[in-house]
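Keep the viewer open as you read.

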Amino acid sequence: LLHALPSNLGKTLDLGCGSGRLYRALVKESKSVEHFYGADFAESMLKLHPKAKNIELLSADFNTEESFAQLRKLGAETLLSASALQWAKDIDFTLEQCATLAPFAGLFLFCSGTFKTLHKSVGLRSPIHSCEKIESAFKSHYKAAKIEKYNFSLPFATTLDMLRYIKLSGVSGNLQLSYTQMKHILENYPLKYLEFETILLTGESRC
């Protein structure tokens, strides 16, 4: 996502900013940000976000019209979001609203192929959207769209280490496994790694 962005971002809104990992990365990469708005529905995350004169933090939920109405008033020039919007309840609604927030967007999302083999092994359906659905929604609301898809894996020494990682992972969707499911995974999971499927989206708003 960082490498896909211009050097000067102007007034920037990070939707689903969490504890500020994206802001820290922007500073590290020497991206120029005139004013930074961080929006997240979790107050506990906002408390961990870096603070500065040019940073303004807001409580907002990317599933509600009320939050988008609030965010539109900021007059952002660049909309960013990293590893958050995959949790949108209605991805078309969320991306349609995102297009009203800033002229340019750079978004990175996880897709339903993430943890594919794990989900299949215990008969679960992914809680997040497919790359195809995300891409289609983005193209509907953004022009000059650039789409890049990435598949990668994360290895683990043991299956138990993998399960511990999942419990703490931000892409687990609070995955709740029963004792029987966990036992089945420990005894039968065929891989020594977890699969991840992601999509990078950049484009200009059609609004």
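**A strand and its partners**

Eleven of the 13 residues in strand E7 (residues 193-205) are buried, so the rest of the structure largely encloses this strand. Buried here means under 20% relative accessible area with a 1.4 Å probe, counting protein chains only. The model is a predicted one: local features need pLDDT of at least 70, side-chain atom pairs count only at pLDDT 80 or more, and totals for chains, interfaces and linings use all residues. Residues are numbered from 1 along each chain as its sequence is written, and side-chain values use heavy atoms, leaving out hydrogens and water. Strands (E, at least two residues) and helices (H or I, at least four) are DSSP runs numbered from the N terminus.

Strand E5 (residues 104-110) runs antiparallel to E7 and is joined to it by seven bridges; Ala105 sits opposite Gly203 of E7. Strand E6 (residues 142-155) is also antiparallel to E7, with twelve bridges, and Tyr150 has Thr198 of E7 as its bridge partner. Two strands pair if DSSP finds at least two bridges between them.

Now to the helices. H7 (residues 159-168) packs with H8 (residues 179-188) at about 135°, their axes 9 Å apart. Axes are lines fitted to C-alpha atoms over the stretch in contact, and angles run from 0 to 180 degrees between N-to-C directions. Thr159, Leu160, Met162 and Leu163 of H7 meet Met182, Ile185 and Leu186 of H8, where contact means heavy atoms within 4.5 Å.

H4 (residues 91-98) and H6 (residues 131-141) pack at about 35°, with axes 9 Å apart.

Conventions:
Buried < 20%, exposed > 50% of the residue type's maximum accessible area, 1.4 Å probe, protein only.
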